[in-house]
Amino acid sequence: MTTSRAHRLLSRLVRIAPEEVRATLLGFAWFACLLSGYYLLRPLRDALGLAGGVEELRWLFSATFVTMLLLVPAFGWLVSRLPPRRFVPWVYRFFALTLLAFSAWMALDVQSAWLGRTFFVWVSVFNLFIVSIFWSVLDDCFSNEQGRRLFGFIAAGGTLGTVLGPLLAAAAASVFGTMALALLAALLLELALRCFRGIYPVHDGSASAPAPARALGGQVWAGLSLIARSPYLLGICAYLLAHTAASTFLYFEQGRIVSAALADTAARTRYFALVDFCVSALTLALQMLVTGLLMRKFGLALCLALLPLVTLAAFGALAWAPTLAVLAGVQILRRALDYAIARPAREVLFTVISREEKYKAKNAIETLVYRGGDALSGWLSAALSALGMGLAGIALLAIPLSAAWCALCVWLARRQETLPSPHPTPPNFRRKNEPPR
């Protein structure tokens, strides 16, 4: 497909310039590969996570956080010493090798309790790291204005992956067994890496090369110090902590309802896969038809604030009727709005920070802070349950917290408007007259 024809087709869905087509399509394909791989594994992860009972989930969340504590400094070391063109392949292939190891373990003993626990933790770590790196690169290569127009469409690539992933999982598991899922996920990770190499600028690596070709330098734990010095990044952390707290409480409630209603792992896996499919279908429709328009017409504040408003409604609905049908409805609506609208808006917040903050602080926020919020929320949920506070009490508590969350959304959106973009338009958008490589 020529660039002009691709531009004509894409311009029906999104406002896009001809020179942006190549990078946008590569970003779309990259995200599709990443989330196809994750959604191959997600239903199996969730089903295996329930094998030890709902009460074990908080321990799994805590183990995920501890694993993040070990991996974040290693990632910081790589980022400090290697440019993105080199460290991204290192990270992706490291995760691909671990997936191959899990495939071999499943072939030997798929019923192992420790396989289920380790797989749950590692897939949770794997997903956050690969997606965080993806958005860091996109924030590095797209300007603030381009992000507002194009991130919704690029995110739709990920949603397409969430549709294809469960279909691939069902086909592969029925023919080859569960070990094939990890093999396919590793293959998709390699395809994603090919897309990254197409989108990211190529330089000779010399000392005089532009900033994208050079390592970022700094300390291993620089991400945390960058966050501590920036009220804006601290505000994003607060937003993400509110998001993880609400998601974790709903995830635990989902575990209780599903465990009580469905007795075996196969039925639970089918339920999770069906919910994932419905989330993906709704998300894709919103991303194609609504996200870009909503960001342009109403701005970031509304796009960010939709999530706390829908979360409050979700808690209220489950407190009123804690059934499988209501659970499916609130999870589908909340997750679709999160993926389709709130997530692209949150990524636009990162387009106006420095390159070091995009790779170090952003990764720390989306891995360590995110999983730390999960672990803390898991234990808080257990404490509130021990005190006898049910969903009705949590729903009442969510009212003032959602109001504060909405106020934070407005502050972040206004602050983002005042911060200038720290980099010029990158090389991969200056290709109008350049022949394809």
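The structure is a predicted model, in which local features need pLDDT of at least 70, side-chain atom pairs count only at pLDDT 80 or more, and totals for chains, interfaces and linings use all residues. Residues are numbered from 1 along each chain as its sequence is written, and side-chain values use heavy atoms, without hydrogens or water.

Axes are lines fitted to C-alpha atoms over the stretch in contact, with angles from 0 to 180 degrees between N-to-C directions. Helices are DSSP runs (H or I, at least four residues), numbered from the N terminus. The α9–α11 crossing is left-handed, meaning that the near helix is turned anticlockwise from the far one by less than a right angle; clockwise is right-handed. On the α9 side, the contact (heavy atoms within 4.5 Å) involves Y232, I236, Y239, L240, H243, A246, S247, L250, Q254, I257, V258 and A261. These meet L324, L327, Q331, R334, D338, A342, R346 and L349 of α11. The contact has 13 nonpolar, 4 polar and 3 charged residues. Nonpolar covers Ala, Val, Leu, Ile, Met, Phe, Trp, Tyr, Cys and Pro; charged covers Asp, Glu, Lys and Arg; the others, Gly among them, are polar.

α9 also packs against α3, at an angle of about 145° and with axes 11 Å apart. L57, R58 and F61 of α3 meet T248, Y251 and F252 of α9. Here 4 residues are nonpolar, 1 is polar and 1 is charged.

α3 packs against α5 as well. Their axes come within 9 Å and cross at roughly 45°, so the pair is oblique. This crossing is right-handed. α3 contributes L57, L60, F61, A63, T64, T67, M68, L71, V72 and F75. α5 contributes R117, F120, V121, W122, S124, V125, L128, F129 and I133. The contact has 15 nonpolar, 3 polar and 1 charged residues.

The structure holds 3 cavities of 30 Å³ or more. A cavity is a set of points on a 1 Å grid where a 1.4 Å probe fits but cannot get out; lining residues have an atom within 4 Å of a point. Of its 45 lining residues, Y38, R42, N127, Y339 and Y370 are the closest to its centre. Helices supplying at least two lining residues each include α3 (57–81), α5 (113–141), α9 (231–261) and α11 (324–349). The lining has 18 nonpolar, 15 polar and 12 charged residues.

Definitions and conventions
1 Å grid on protein atoms, 1.4 Å probe; cavity = no way out; pocket = protein on both sides within 12 Å on 5 of 7 lines; lining within 4 Å. Points joined across faces, edges and corners; volume = space filled by probe spheres on them. Parallel < 35°, antiparallel > 145°, perpendicular 65-115°, else oblique.
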